[in-house]
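This report is meant for someone meeting the model for the first time.

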Amino acid sequence: MAIACVVLDFDGTFTDVAAESAPFLRHFRQGLAAAVGEDLESAWEEEVAALRAGADALGWDLGGRVVAPATADPYLTATCAAHRLMQRFGQGQDEARRSDVVQKLYRDAYAHSATAFKPEAKEVLEALVATGLPVTVVTNAHTDLVEKKLDQLAPRGREKLTVSGDARKFLLDAPDAPDARFTAVPETQTLDGVLRRPVYLRRGRYFEALKRVWEATGTTPEETLVAGDIYELDLALPAALGAHVQLVARDNVLPYELKAMELLGARGGVDRSLHGVLSRLR
């Protein structure tokens, strides 16, 4: 089936996440120290080291379920470290309250993130828009902040790029309205031999964001190409729904992410360059 709709992740997919996250991390750490009421300099480094040592085994834990790898990018590492530090210093035993605090810290700090696109980002976005296909950025970041960054990049056809922010791809909940497509998605995916924990697939907020795209464009999951840099957050649910997916491979891509893409056969693709997204439309 031909591709009729393109969905793109933003941070880490089209941006240089290491460069853009540096000012974010400074503000995030300052805000976390104020929230905890402790000097977190050494404790922060200890927690980050523990997360890196755990690689894919440790991650962003919500209610006892890991929803994303802790080390995929600086934003995830900061989020995971914050949760661990709040618990360590007795400030976050209530998970709901802790999540609210961390998410607010994240939103506040993200406003200070730099604008640092990958070298080929503008060219690829222009080429995607030129296909005439509907192109939507679906991201956990706030819509207005991503819109502003895209305005700065100013690709030709910018006005045709739609942004759907606050997707909350990390939440493992049901969509507001029942949908047979979501119900048919297995709760988990196992990747024996490469990952000791399950990948959780049912992400209701993310499903709703994708559903809005399909309703607005008159397309289906099977006609959609989704591109992202983190398998669990960006690609696992769309793939389970029948979409074609493209992993924009990070320097630290994890073996289980590559295995998951391999299992998809022709519906999956991996490339370090964003040009790999374009090749899926030919």
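Helix axes are lines fitted to C-alpha atoms over the stretch in contact, and the angles between them run from 0 to 180 degrees, taken between N-to-C directions. The model described here is a predicted one.

In this model, helix α1 (residues 17–36) packs with helix α3 (residues 74–88) at an angle of about 15 degrees, and their axes are 9 Å apart. Because angles under 35 degrees count as roughly parallel, α1 and α3 are roughly parallel to each other. The crossing of α1 and α3 is right-handed. On the α1 side, the contact is made by V17, E20, S21, F24, L25, F28, L32 and V36, while α3 contributes P74, Y75, A78, T79, A82, L85 and M86. The residues of this contact between α1 and α3 divide into twelve nonpolar, two polar and one charged.

| Residue | Relative accessible area | State |
|---|---|---|
| C5 | 0% | buried |
| C80 | 3% | buried |
| E222 | 36% | partly exposed |

A disulfide is a covalent bond between the sulfur atoms of two cysteines. The structure holds zero disulfides.

As for E222, this residue lies in the loop between α8 (204–217) and β8 (224–228), where E222 is partly exposed. E222 and D179 are 43 residues apart in sequence, and in space the two are 16 Å apart, C-alpha to C-alpha.

Definitions and conventions
Residues are numbered from 1 along each chain as its sequence is written. This is a predicted model: local features need pLDDT of at least 70, side-chain atom pairs count only at pLDDT 80 or more; totals for chains, interfaces and linings use all residues. Side-chain values use heavy atoms; hydrogens and water are left out. Helices (H or I, at least four residues) and strands (E, at least two) are DSSP runs, numbered from the N terminus. Buried means under 20% relative accessible area, exposed over 50%, partly exposed in between (1.4 Å probe, protein chains only). A disulfide is a pair of cysteine sulfur atoms within 2.5 Å. Angles under 35 degrees count as roughly parallel, over 145 as roughly antiparallel, 65 to 115 as roughly perpendicular and the rest as oblique. A crossing is left-handed if the near helix is turned anticlockwise from the far one by less than a right angle, and right-handed if clockwise. Contact means heavy atoms within 4.5 Å. Ala, Val, Leu, Ile, Met, Phe, Trp, Tyr, Cys and Pro count as nonpolar, Asp, Glu, Lys and Arg as charged, and the others, Gly among them, as polar.
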